[in-house]
Amino acid sequence: MLLVAGFVFTYYTTWAILLPFFDASSPIHNYFPAREWAIRLPAFALVVGLSGIGFFIGSTIMKENRKKSQKAKLRAA
């Protein structure tokens, strides 16, 4: 996992930060997608990740509230 993380970090850093310093005709540009995807992909991952966390927290809160209401009904009965 550490090797994969290191590779992804190196690839993304080269793509997003170092690539603009290379000439447009350089063959290194063939190994990378368009630069706008260097912003779109992390932004998409951030939105999906935060949505997943929000969904998990929301569903957990709803389950806890249901449990509390069922316990209150059992006490009242």
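Everything here comes from a predicted model, in which local features need pLDDT of at least 70 and side-chain atom pairs count only at pLDDT 80 or more, while totals for chains, interfaces and linings use all residues. Residues are numbered from 1 along each chain as its sequence is written, and side-chain values use heavy atoms, with hydrogens and water left out.

- Threonine 14 counts as buried because its relative accessibility is 16%, where buried means under 20% relative accessible area, exposed over 50%, and partly exposed in between, with a 1.4 Å probe and protein chains only.
- The side chain of threonine 14 reaches the backbone oxygen of threonine 10 at 2.8 Å.
- Leaving aside residues up to four places away in sequence, threonine 14 touches Leu19 and Phe32 (contact means heavy atoms within 4.5 Å).

**The nonpolar core**

- Which residues make up the largest nonpolar core? There are five in all: Trp15, Ala16, Leu19, Phe32 and Ala38.
- A core of this kind is a set of buried Ala, Val, Leu, Ile, Met, Phe, Trp, Tyr and Cys residues joined through side-chain atoms within 4.5 Å.
- In soluble globular proteins, nonpolar side chains tend to be buried together.
- Alanine 38 lies in helix α2 and counts as buried because its relative accessibility is 4%.
- Not counting residues up to four places away in sequence, alanine 38 touches Tyr12, Trp15 and Ala16.
- With that same exclusion, alanine 16 touches Arg35 and Ala38.

**The loop between the helices**

- Serine 25 lies in the loop between α1 (2-18) and α2.
- Is serine 25 buried or exposed? Serine 25 counts as exposed, because its relative accessibility is 62%.
- The side chains of serine 25 and aspartate 23 are joined by a polar contact of 3.0 Å (a pair of N or O atoms within 3.5 Å; within protein, one must be able to donate a hydrogen and the other to accept it, and residues adjacent in sequence count only if both atoms are side-chain atoms).
- From C-alpha to C-alpha, serine 25 and phenylalanine 7 are 25 Å apart in space, and 18 residues apart in sequence.

**Along helix α2**

- Leucine 46 belongs to helix α2, residues 37-76, and is exposed because its relative accessible area is 53%.
- Lysine 63 is also found in helix α2, and counts as exposed because its relative accessibility is 52%.
- Lysine 63 and proline 33 are 30 residues apart in sequence, with 43 Å between their C-alpha atoms.
- Alanine 38 and arginine 75 are 37 residues apart in sequence and 56 Å apart in space, C-alpha to C-alpha.

Terms used: Helix = DSSP H or I, 4+ residues; strand = E, 2+ residues; numbered from the N terminus.
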